[in-house]
Amino acid sequence: MGFLDGLMGNASEVNVADIQKDFAKVLAPSERIERAYKLIRDMFIFTNKRLILVDKQGVTGKKVENHSIPYKSITHFSIETAGNFDLDAELKIWISGNALPLQKQFNKNLNIYELQSVLAEYVLK
């Protein structure tokens, strides 16, 4: 991910092998990471069981808050593709108990349909 994309609020895909070791202590024994995306320092990780939102806090980013959202808590989601003048795609996820959706933006290089497919596979089980 380029620094400029991060400043513009865009997320991009991270190599799963690179973060698998870092998050091993957070994962259940039968859980595996399917996809991961990074937005400057924060991440959101799709596993085969849940969505993990990683919020790095403070100047150094040593303080980390992990939010775990079981797929069964996701009531619906939407994608908005990038256009000619709008250079980013957007994912919105509504979680039960929250009126406003979780929103993430992705640069145009990310295949938003692939991301939607991963989410649909687990939410629609």
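**Close-up views of a predicted model**

**View 1. Phe44 and Phe46 pair edge-to-face.** Phe44 is buried, at 2% relative accessible area (buried means under 20%, exposed over 50%, partly exposed in between; 1.4 Å probe, protein chains only). Phe46 is buried as well, at 0%. Their ring centres lie 6.1 Å apart, with 70° between the planes. Rings of Phe, Tyr and Trp (its six-membered ring) pair if their centres lie within 6.5 Å; planes under 30 degrees apart count as stacked, over 60 as edge-to-face and the rest as tilted. By this rule the structure holds 4 aromatic pairs. Ring pairs also bring Tyr37 into a cluster with Phe44 and Phe46.

The model is predicted: local features need pLDDT of at least 70, side-chain atom pairs count only at pLDDT 80 or more, and totals for chains, interfaces and linings use all residues. Residues are numbered from 1 along each chain as its sequence is written, and side-chain values use heavy atoms, with hydrogens and water left out.

**View 2. Salt bridges link Glu13, Arg35 and Glu114 into a network.** A salt bridge is a side-chain nitrogen of Lys or Arg within 4 Å of a carboxyl oxygen of Asp or Glu. Arg35 meets Glu13 at 3.6 Å, N to O. Arg35 sits in strand E2 (residues 33-39) and Glu13 in strand E1 (residues 10-14), 22 residues apart. Helices (H or I, at least four residues) and strands (E, at least two) are DSSP runs, numbered from the N terminus. Arg35 also bridges to Glu114, with the closest N and O atoms 2.6 Å apart. Glu114 lies in helix H3 (residues 112-123) and Arg35 in strand E2, so this pair ties together parts 79 residues apart in sequence. Glu13 is partly exposed at 39% relative accessibility. Glu114 is partly exposed at 30%.

**View 3. Glu90 and Lys92 form a salt bridge.** The N to O distance is 3.9 Å. Glu90 is buried, with a relative accessible area of 14%. Lys92 is partly exposed at 23%. The whole structure has 5 salt bridges.

**View 4. Confidence is lowest in helix H1 and highest in strand E6, by mean pLDDT of the elements.** pLDDT is the predictor's confidence in each residue, from 0 to 100. Helix H1 (residues 3-7) averages 45, strand E6 (residues 74-80) 92. Over residues 1-9 the pLDDT is below 50. Beyond near neighbours in sequence, this stretch has 13 contacts in the model (heavy atoms within 4.5 Å). Where pLDDT is low, the predicted coordinates should not be read in detail. The chain mean is 82, and 86% of residues reach 70 or more.
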